[in-house]
Amino acid sequence: MSDKILVAYFSHIGDTYSLGMVKEGNTQILAKHIANYLKADQYHIVGDNKYPAKYMDIIKQAKTEMNNNFRPKLVNPLESIAQYDTIFIGYPIWYGDMPMAVYNFLESYNFSGKTVIPFCTHGGSGLVSTERNIKATCQNSNVLQGLAISGSTAQNNRAQTDSSVASWLKKIGVM
């Protein structure tokens, strides 16, 4: 693939579902695999909101943010995405959806004419409705089939994660 590619992702370091404390975020692990395979640029989506230390408190905050349609301000936003043809969007599933900072990222840029490819880590839910939500937010873009990998697989079985990422990239035709 000769397109200019961006791998934009939100990832949390700290207490995670069923894994306890992690030093590298589950979604960041996937983002690195994708970027390495495709020689892509990476952008870590970070909101200016801070999350508590305990996982259940993070989920409680995520639920409140969703219920209030809260959009945290992006820290170090990209000046533009115009130079990218293909943009991978990565996120953990929190309370059945993407973190609100990811929505802010998607709403902050014009994705018209771009190929958008979701990927997520989860504790058992898969992509849930996030592909549909991305299609609704990134109208006039081509949203391809996403990848969902459990956080425990991303953390504890890097070989399987790498294999799953490679297979998916081939399946969707970007590698």
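This is a predicted model: local features need pLDDT of at least 70, side-chain atom pairs count only at pLDDT 80 or more; totals for chains, interfaces and linings use all residues.

Residues are numbered from 1 along each chain as its sequence is written, and side-chain values use heavy atoms, with hydrogens and water left out.

Let us begin with helix 6, residues 158–171. Helices here are DSSP runs of H or I with at least four residues, and strands are E runs of at least two, numbered from the N terminus. Helix 6 has 14 residues and reaches 20 Å from its first C-alpha to its last, close to the 20 Å expected at 1.5 Å a residue; that expected span is 1.5 Å times one less than the number of residues.

Which residues of helix 6 are buried? They are Thr 161, Val 165, Ala 166, Trp 168 and Leu 169; buried means under 20% relative accessible area, exposed over 50%, and partly exposed in between, with a 1.4 Å probe and protein chains only. Seen down the helix axis, the buried residues fall within an arc of 165 degrees, so they line one face of helix 6; the arc is taken from the directions from the axis to the C-beta atoms. On the other side, Ala 159, Lys 170 and Lys 171 are exposed. Just after helix 6, Gly 173 takes a positive phi of about 80 degrees.

Now the loop residue. Gln 139 lies between helix 4 (130–137) and strand 7 (142–143), and is exposed, with a relative accessible area of 55%.
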